[in-house]
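Let's take a friendly walk through a protein chain together. Have the sequence and the 3D view at hand as you read.

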Amino acid sequence: GNGFSIRGVKIDSDKNYQGLFGYQSGTITDLTIKASSIKNAAESAGILVGLNEGTIRNCKVENVEINGKEKIGGIVGNAMTNSIIEGCEISDSLINGEKYVGGIVGYINNNVSLQNITNKANVRGEEYVGGIAGITFFGTDLKNVINMADDIEGKEYVGGLIGYSQSQIENS
């Protein structure tokens, strides 16, 4: 990202793995995405990455709207094992989904690291809905994560930070 901003990403597709990067296993650093949207995503959608197996550092998302079915996140839809997400923030946004919906990440697999994360996006879903993530699994560490959203809505497994967690949470 090299400190650059991208504005106006517009995706309207009923396919899986939607985002600026549908899939990524490298490193994304110092990138901002503004005034963008994803509509009608099926599974694994986030404005930056749909399916992440890499590292994301110091990225910001502002004024986005994301709508999809499952594994829907403001920054990443689905964080696979050993993903790292650090120093990221989302603000002035709305994240909508049905299942596994999070302000930062919808679905987090085993052994993922989230550190120094802030959510200021409103999140709405049916089940497994959280300000940071919809669901997290064993071995995942969340440190210094903050949810400042005005609105987190769901029907089953809903939390300010995590809808359903099997992970370790510190200083949050």
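A charge is said to sit over a ring if NZ of Lys or CZ of Arg is within 6 Å of the ring centre and within 35 degrees of the ring normal. Keep that idea in mind, and remember too that what you see is a predicted model. In this model, the charged end of Lys 71 sits over the ring of Tyr 107, 4.3 Å from the ring's centre.

Now step back to take in the whole chain. You will find 21 strands and 0 helices. The C-alpha trace spans about 35 × 30 × 25 Å along its principal axes. The chain has 172 residues, and 52% of them count as buried. If you take contacts between residues at least 6 apart in sequence, 82% of these join residues at least 24 apart. The accessible surface comes to about 7,300 Å², with 39% of it belonging to carbon and sulfur atoms. As for charges, the chain carries 14 positive and 20 negative ones, and the mean positions of the two groups are 5 Å apart.

Next, let's return to the rings. The structure holds 6 aromatic pairs. The rings of Tyr 128 and Tyr 157 have centres 4.7 Å apart and planes at 10°, so this pair counts as stacked. Tyr 128 belongs to strand 15 (residues 127–130) and Tyr 157 to strand 19 (residues 156–159), so the pair, 29 residues apart, links distant parts of the chain. How covered are the two partners? Tyr 128 is buried because its relative accessible area is 15%, under the 20% limit, whereas Tyr 157, at 36%, is partly exposed.

Tyr 128 also forms an aromatic pair with Tyr 164, and this one is edge-to-face, with 6.1 Å from centre to centre and 80° between the planes. Here again distant parts of the chain are linked: Tyr 164 lies in strand 20 (residues 162–165), 36 residues from Tyr 128. Tyr 164 is partly exposed, with 31% relative accessibility. Ring pairs join Tyr 128, Tyr 157 and Tyr 164 with Tyr 100, Tyr 107 and Phe 137 into a cluster.

One last stop is Thr 136, in strand 16 (residues 133–136). Is Thr 136 buried or exposed? Thr 136 is buried, because its relative accessible area is 0%. Which residues touch it, leaving aside neighbours within four places in sequence? Thr 136 is in contact with Ile 108, Leu 142, Ile 162, Tyr 164, Ser 165, Gln 166 and Ser 167. Tyr 164, one of these contacts, is also the edge-to-face partner of Tyr 128.

Notes: Residues are numbered from 1 along each chain as its sequence is written. This is a predicted model: local features need pLDDT of at least 70, side-chain atom pairs count only at pLDDT 80 or more; totals for chains, interfaces and linings use all residues. Side-chain values use heavy atoms; hydrogens and water are left out. Helices (H or I, at least four residues) and strands (E, at least two) are DSSP runs, numbered from the N terminus. Buried means under 20% relative accessible area, exposed over 50%, partly exposed in between (1.4 Å probe, protein chains only). Contact means heavy atoms within 4.5 Å. Accessible areas come from the Shrake-Rupley method with a 1.4 Å probe; for residues, only the protein chains shown count as cover. Lys and Arg count as positive and Asp and Glu as negative; His and the chain ends are not counted. The place of a charge is taken as NZ of Lys, CZ of Arg, CG of Asp or CD of Glu. Rings of Phe, Tyr and Trp (its six-membered ring) pair if their centres lie within 6.5 Å; planes under 30 degrees apart count as stacked, over 60 as edge-to-face and the rest as tilted.
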